[in-house]
Every structure is written in structure tokens, then in C-alpha cells.
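Have the structure open beside you and follow along by topic.

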Amino acid sequence: MAVKEILTVPNPILKQVSKPVDGVDEDVRNLMDDMLDSMYAADGIGLAAVQIGVPKRVIVMDLDWGKEDGKRNPRYFVNPVLSDPSENTLPYEEGCLSVPSYFDEVERPDRIQIDYLDYDGKPRTEIAEGMFAVCIQHEMDHLEGVLFIDHLSRLKRQRAVQKVKKFVKQREQDDAA
Ligand code: NI
């Protein structure tokens with residue numbers, strides 16, 4: 001297990017479309033372990049493999065992270081497929097470890113089906129609602145090379161990237177000090 005560097009915008013790797021994996025083997029499990037470590041280290045609740053520079057269709061998530069009781073509830077989604085989105089949509093203020101320091105509202109279906117392989121390679125089907133629905137759609141976007149700021153106006157997107165560049169530069173300076 002290892003904490004990897006999380007890529008930030010405008011790194012072009014984040015625009016890559018991720019490829020499916022052949023199945024859940026030792027390599028994929030190691031990747032998921034590293035992703036989870038990296039996500040926790042960065043205080044995030046979701047991470048796609050491409051965000052640590054591995055364009056494979058793998059997502060990790062922990063919607064309970066940061067809650068007071070400190071319990072962990074890691075979830076793993078390999079080769080996930082979304083279907084049957086609800087007509088009803090909800091706006092939600094999103095953030096992203098690849099777009100640090102910037103938050104904005106995105107509107108998405110509030111209910112959606114997800115089919116995937118779990119940590120043991122077992123096929124699963126779930127209905128995602130609420131925060132889970134928001135998060136899984138956000139992470140699925142990453143697999144298509146899409147960031148939440150791509151759902152915003154061009155002006156907002158440009159502002160976000162400028163803000164992130166400044167933030168990352170400052171973070172590097174702080175880390176070096
Ligand atoms: Ni993200």
C-alpha cells in the first residue's frame with residue numbers, strides 16, 4: 001500500500017478515457033489499495049485510478065470518511081457501468097481532489113443504477129441515491145476524462161483552473177519550506 005501523488009488540472013492525463021480491466025487480480029487489488037491510501041491521505045471521499053495516473057476503469061469510495069466516529073467504509077468499483085438514471089435531478093456542491101480548493105454546484109440525476117465488480121471480482125448491482133449517486137456519477141465522469149468543472153460554463157472552468165494552479169503552487173512552496 002502506498003500514497004500516490006494525485007494529479008491536478010490542467011494535467012492532460014486527467015482527460016484520458018480509462019480502459020476496462022480484464023478482471024480483479026492481485027495487480028488490480030494493489031491498485032485499489034494504493035488508491036484508497038491516497039484518497040484517505042488527501043481527505044477525499046472518492047477517487048478514480050486515472051487521478052493517480054493509471055487510466056483504468058477502477059474507482060474507490062468511502063462516503064463515511066471524515067465522520068466523527070472515525071469508522072471506515074471503503075467501497076470498490078471495477079469496470080462500473082451506470083444505467084437507468086432518474087429524470088429527477090438535484091444540484092449538489094461538488095469538489096474534487098484533482099481540482100483542489102474549488103467547489104461548485106453540478107446538477108445530476110438523483111438516482112442511478114450501477115453494475116460493477118467488487119474487491120473480490122464478484123459482479124454486483126446497486127441503486128445509488130443521494131450522496132452515493134452524486135459521487136458515483138462524479139467518479140464515472142473521471143473514467144471518461146471528464147471533470148466536474150467540465151459541467152460548468154467556460155468562464156467558471158477557466159477561473160477554477162487558475163485558482164487550482166495558484167493553490168498547487170502555494171502547496172508546493174509550503175511543502176518545501
Ligand atoms: Ni473528482
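Trp65 counts as partly exposed, at 22% relative accessibility (buried means under 20% relative accessible area, exposed over 50%, partly exposed in between, with a 1.4 Å probe and protein chains only). This is a predicted model, in which local features need pLDDT of at least 70, side-chain atom pairs count only at pLDDT 80 or more, and totals for chains, interfaces and linings use all residues. Residues are numbered from 1 along each chain as its sequence is written, and side-chain values use heavy atoms, with hydrogens and water left out.

**Aromatic rings**

- The whole structure holds 5 aromatic pairs; rings of Phe, Tyr and Trp (its six-membered ring) pair if their centres lie within 6.5 Å, and planes under 30 degrees apart count as stacked, over 60 as edge-to-face and the rest as tilted.
- Tyr40 and Trp65 make a tilted pair, because their ring centres are 4.3 Å apart and their planes stand at 45°.
- Tyr40 belongs to helix H1 (residues 26–41) and Trp65 to the loop between strand E2 (58–61) and strand E3 (75–83), so the pair ties together parts that are 25 residues apart in sequence; helices (H or I, at least four residues) and strands (E, at least two) are DSSP runs, numbered from the N terminus.
- Tyr40 itself is buried, at 8% relative accessibility.
- One aromatic cluster is made up of Phe77, Tyr116 and Phe132.
- Arg75 places its charged end over the ring of Phe132, 4.3 Å from the centre; a charge sits over a ring if NZ of Lys or CZ of Arg is within 6 Å of the ring centre and within 35 degrees of the ring normal.

**Nickel site**

- Which atoms coordinate the nickel ion? They are Cys96 (SG), His138 (NE2) and His142 (NE2), at 2.1 to 2.2 Å.
- Donors are N, O and S atoms within 2.8 Å of the metal (3.2 Å for Na, K and Ca), and water is not among the atoms, so sites may look incomplete.
- Along the chain, the nickel donors follow the spacing C-x41-H-x3-H.
- Helix H2 (residues 130–143) carries both His138 and His142, 4 residues apart, about one turn of the helix.
- Both histidines are buried, His138 with a relative accessible area of 7% and His142 with 1%.

**Charged residues**

- The count comes to 10 salt bridges, a salt bridge being a side-chain nitrogen of Lys or Arg within 4 Å of a carboxyl oxygen of Asp or Glu.
- Lys15 and Asp150 form one of them, with their closest N and O atoms 3.0 Å apart.
- Lys15 lies in the segment before H1 and Asp150 in the loop between H2 and helix H3 (154–176), so the pair ties together parts that are 135 residues apart in sequence.
- Arg108 and Asp141 form a salt bridge at 3.1 Å between the closest N and O atoms, and both residues are buried.
- Asp110 is buried yet has no salt bridge, and Arg111, the nearest side chain of opposite charge, is 6.6 Å away; Lys and Arg count as positive and Asp and Glu as negative, while His and the chain ends are not counted.

**Backbone points**

- Most residues other than glycine have a negative phi, and most peptide bonds are trans.
- The peptide bond from Val9 to Pro10 is cis, with omega near 5°.
- Asn79, in strand E3, has a positive phi of about 50° although it is not a glycine.
- Asp84 also has a positive phi, near 55°, and counts as exposed at 55% relative accessibility.
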